[in-house]
Amino acid sequence: MDTYVSVLFIIGALAVVLLIGMLKNRAEWIINLALRGISGMLGIYFLNFFLAGRVPGIEIGYNLITFLTSAILGFPGVAMLFGINFYLIL
């Protein structure tokens, strides 16, 4: 039980340090997040356009979830969305 508390304490301390660093460069962080989200949505658009004729039903929708996934995870998040969708149509 004590090891779980110490692990949670370490994770909490790391989260506080990251939060302080994030608040220090808040404007840069928000702009970076928005640009990654927009570029991810553009990537989804072009991949939908490219794959529409080749793999029917693989299209990813444009919504807040896909925007946040591409903004937070970047290109691997977009690849993950297409991978999950490809898995569901198998």
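These legends describe close-up views of a predicted model.

**View 1. Helix α2 along its length.** Helix α2 covers residues 26-51. It has 26 residues. From its first C-alpha to its last, α2 reaches 37 Å. That is close to the 38 Å expected at 1.5 Å a residue.

**View 2. The buried residues of α2.** G37, G40, M41, I44, N48 and L51 are buried in α2. The buried residues of this helix pack against α3 and α4. Helix α4 spans residues 75-89.

**View 3. The crossing of α2 and α3.** Helix α3 runs over residues 64-73. The axes of α2 and α3 come within 7 Å. They cross at roughly 120°. The angle therefore makes α2 oblique to α3. The crossing in which α2 passes α3 is right-handed.

**View 4. Residues at the α2–α3 contact.** From α2, the contact is made by L33, A34, R36, G37, I38, G40, M41 and I44. From α3, T66, F67, S70, A71, I72 and L73 take part. By class, nine residues of this contact are nonpolar, four are polar and one is charged. G37, G40, M41 and I44 of α2 are in the contact and are also buried.

View 5. T69 lies in helix α3. Its relative accessibility is 14%. Buried means under 20%, so T69 counts as buried. Neighbours within four places in sequence are left aside here. Beyond them, T69 is in contact with G74, G77, M80 and L81.

Technical notes:
Residues numbered from 1 in each chain as written. Predicted model: local features only at pLDDT ≥ 70, side-chain atom pairs only at ≥ 80, totals over all residues. Heavy atoms only, no water. Axes fitted to C-alpha atoms, helices over the stretch in contact; angles between N-to-C directions. Helix = DSSP H or I, 4+ residues; strand = E, 2+ residues; numbered from the N terminus. Parallel < 35°, antiparallel > 145°, perpendicular 65-115°, else oblique. Left-handed = near helix turned anticlockwise from the far one by under 90°. Contact = heavy atoms within 4.5 Å. Nonpolar A, V, L, I, M, F, W, Y, C, P; charged D, E, K, R; others polar. Buried < 20%, exposed > 50% of the residue type's maximum accessible area, 1.4 Å probe, protein only. Expected span 1.5 Å × (residues − 1).
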